[in-house]
Amino acid sequence: MSEGFRGVLRMERVSRRIREYHPILIPGLLQVPDYSRTLISARQVGVPSDRIEAVVKARSERLEAVLPESPALWFVVDEVVITRTIGDRRIMREQLQHVEKLMSSGKVRLQVIPNDIGHHPGLCTPFRIFELPTGTLLHMENTFGGQSFREAEKVNRMLSLFGALQAEAYPPRRSIDLVRTAISELK
């Protein structure tokens, strides 16, 4: 596990609010082990399985470490995130059932940007905004982990972008209906 990823884990655990946008995948905090394993194995060709399992375990335990602190967790994803099968139908059904359970329980809010929007302000890399006791931090993801920013101009710009993405997305109740429909189509 990289030092950058350890830093993200620390930020998650002390955040009062986490906002995250992901255009192509279920956000890492919400991933079940088989979904994570599928993604990690695809990117880590030739990496020993014990190293892959260590990353899967760390990713899978993240939400459990965050929830006791009761931060507000708000996610926006593109519709393809819930309609593209990652792994196989069983893995994707399990993943979506997990997300639906979290949404139904009120532990997370997730909004889906419909495919028919075409282009929208989120045609960019995934990002997270952490509201920490010490201020707000922006984390932009990339292939090598990501980069974090505290500069108010950059953070405020991405807060505005997140708001624009929420405006393009279905409301949470309609989004949960989409997740449930996707689950039923995987049976």
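Biologist: Which residue of S3 stands opposite Val77?
Modeller: Val112 in S3 stands opposite Val77. This is a predicted model, where local features need pLDDT of at least 70 and side-chain atom pairs count only at pLDDT 80 or more, while totals for chains, interfaces and linings use all residues. Residues are numbered from 1 along each chain as its sequence is written, and side-chain values use heavy atoms, with hydrogens and water left out.

Biologist: In what sense do S2 and S3 pair?
Modeller: Strand S2 (residues 72-78) and S3 pair in the parallel sense, over five bridges. Strands are DSSP runs of E with at least two residues, helices are runs of H or I with at least four, and both are numbered from the N terminus. Two strands pair if DSSP finds at least two bridges between them.

Biologist: Why is S3 called largely enclosed?
Modeller: S3 covers residues 109-113, and four of its five residues are buried, so the rest of the structure largely encloses it. Buried means under 20% relative accessible area, exposed over 50%, and partly exposed in between, with a 1.4 Å probe and protein chains only.

Biologist: Next, S4 and S5. Do they run parallel or antiparallel?
Modeller: Antiparallel. Strand S4 (residues 127-132) and strand S5 (residues 135-140) are joined by six bridges. A hairpin of two residues links S4 to S5.

Biologist: Over to helices. At what angle do H6 and H8 pack?
Modeller: About 155 degrees, with the axes of H6 (residues 89-105) and H8 (residues 172-185) 9 Å apart. Axes are lines fitted to C-alpha atoms, for helices over the stretch in contact, and angles run from 0 to 180 degrees between N-to-C directions. H6 and H8 are therefore roughly antiparallel. Under 35 degrees counts as roughly parallel, over 145 as roughly antiparallel, 65 to 115 as roughly perpendicular, and the rest as oblique.

Biologist: Which residues make that contact?
Modeller: From H6, they include Arg93, Leu96 and Met103. From H8, Ile176, Val179 and Ile183 are among them. Contact means heavy atoms within 4.5 Å.

Biologist: How do H2 and H3 cross?
Modeller: At roughly 135 degrees, and the axes of H2 (residues 33-43) and H3 (residues 49-60) come within 9 Å. H2 and H3 are therefore oblique to each other.
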